[in-house]
Protein chains: 2
Amino acid sequence: MIKISEKKIERIINYRRVLLRLDKQMRKTHIFSHQLASNSGASPAQVRRDLMEIGYTGSPAHGYEIKGLLKSIGDFIDPDAKEELALIGLGNLGRAIIDYFNGQSSKLEIVTVFDNNPDKVNRVVAGCRSYHVKDLKEIIRNNNINTAVITVPSSEAQQIADTLVDAGVKGILNYAPIILSVPEGIYVENRDMITTLEKVSYFAKNNNNK
Amino acid sequence: MIKISEKKIERIINYRRVLLRLDKQMRKTHIFSHQLASNSGASPAQVRRDLMEIGYTGSPAHGYEIKGLLKSIGDFIDPDAKEELALIGLGNLGRAIIDYFNGQSSKLEIVTVFDNNPDKVNRVVAGCRSYHVKDLKEIIRNNNINTAVITVPSSEAQQIADTLVDAGVKGILNYAPIILSVPEGIYVENRDMITTLEKVSYFAKNNNNK
């Protein structure tokens, strides 16, 4: 398997976001690397290298063909038809994430959700079927779910992560304000808002040149 | 001014999160670097280097004194008494962020919020006073707000960012799924969930060793 860096994957996913927007908004069929670069926070040279790596080349006269490039990126990032994700923790943040996320990604959808509050389970919440966390392991395993989002309080997050890993989950997006400890081979993104906002506020005041 | 990397600031903020939790939960007064490391996803050597840099040293026999260390980190990260933040975009995500965030950070609070929907302005929303975005520049400037959170749709995000920068904002946490373009000296964190979740899903399937 080709080893490819996180930053590069993030850039390629960003290119797709920009291309999808352009494809919808404009009548343009082609885009140049410098245009894609200026819309996605990369350099034109980086854009060309990244797209060459996924096997797509543009023409010097017309640039990249938008629809063809979108297909190449899709084949590279998420070649499978659809992927169903799980979310654990149906508080305000969990519900907002489901509402916000579903329908916006071309291939991913949050379908199965969990909570430990009996009033929130065995229902349809924001279009998703909700279950009790006691059934987490069994349902995740039976549905072959690979990726999950954690939006439970920090006191419960590690235990939920352990159960997810045990059930076969390989990728976790963690919004709880703790650093999860997981075995090697499991991919975790910690997205604690408090840390992030404290960091932004720090750099707003201490204007280091990056 | 000392130039300090983003990663280091993020680690120091994470140490504080871990220390605050330990300070609340346990009767312990001291912590060793390896304990702080294992709870915050850093190496013990990194912890020691980071804390030395902010001018705090532990004792080989007892480790670091938790309350003293918390004070040193606070003096370094946010020496000011309180900081008031603004949020623009009172959809589900914006409200969830306010609810989730306020009360959780020691120094930061979202106080002033904006929307372009007349039904959502001149009210108290999740404890914050809400205003129309047409008054964004004036209110941000009059209140000396340094840091703002953007939760508007992507079609409006760049214009909001331009106005914020114009009004003197130096740090932006952007949840809209576009890469903002800002002048040099302005710090932006793009935290688009769609990109993040697509990335987690990619690495869940393509298990690169990092």
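1. Start with the strand pair β4 (residues 108-115) and β6 in chain A: they run parallel and share four bridges. Strands here are DSSP runs of E with at least two residues, helices are runs of H or I with at least four, and both are numbered from the N terminus. Two strands count as paired if DSSP finds at least two bridges between them. Within this pair, A:V113 has A:S130 of β6(A) as its bridge partner.

2. A word on what you're looking at: this is a predicted model, where local features need pLDDT of at least 70, side-chain atom pairs count only at pLDDT 80 or more, and totals for chains, interfaces and linings use all residues. Residues are numbered from 1 along each chain as its sequence is written, while chains are lettered from A and ligands numbered from 1 in the order in which they are written.

3. Stay with β6(A) (residues 128-132) and look at its other partner, β5(A): two bridges join them, and the strands run antiparallel. A:V125 stands opposite A:C128, and A:V124 has A:R129 as its bridge partner. The hairpin has two residues between its strands, and A:A126 there takes a positive phi near 50°.

4. Now zoom out to the whole sheet in chain A. It is open, has seven strands in the order β5-β6-β4-β3-β7-β8-β9, and its pairing is mixed. At the edges are β5 (124-125) and β9 (187-190) of chain A, each pairing on one side only.

5. Chain A overall has eight helices and nine strands. Its C-alpha atoms fill a box of roughly 60 × 45 × 35 Å along the principal axes. Of its 210 residues, 42% count as buried, meaning that 20 or more other C-beta atoms lie within 10 Å of the residue's own; exposed means 12 or fewer, partly exposed is in between, and C-beta atoms are placed from the backbone. Taking contacts (C-beta atoms, placed from the backbone, within 7 Å) between residues at least 6 apart in sequence, 53% join residues at least 24 apart.

6. Just after α3(A), A:G55 takes a positive phi of about 85°.

7. On to chain B, where seven strands form an open sheet in the order β5-β6-β4-β3-β7-β8-β9, with mixed pairing. β5 (124-125) and β9 of chain B stand at the edges with a single partner strand each, so one side of each has no neighbour in the sheet. β8(B) and β9(B) pair in the parallel sense over four bridges, and B:N174 stands opposite B:N190 in β9(B).

8. How do the chains meet? 52 residues of chain B are in contact with 52 residues of chain A. On the chain B side, the elements giving two or more residues are α1 (6-25), α2 (33-40), α5 (92-101), β8 (171-174), β9 (187-190) and α8 (193-205). α8(B) gives the most, with 13 residues. That side divides into 23 nonpolar, 17 polar and 12 charged residues; Ala, Val, Leu, Ile, Met, Phe, Trp, Tyr, Cys and Pro count as nonpolar, Asp, Glu, Lys and Arg as charged, and the others, Gly among them, as polar.

9. Finally, the largest nonpolar core has 118 residues, and A:L87, A:A148, A:I150, B:L87, B:A148 and B:I150 touch the most other members. Such a core is a set of buried Ala, Val, Leu, Ile, Met, Phe, Trp, Tyr and Cys residues joined through C-beta atoms within 7 Å. Leaving aside neighbours within four places in sequence, B:A148 is in contact with residues including B:L85, B:L87, B:L164 and B:I172.

Notes: Contact = placed C-beta atoms within 7 Å.
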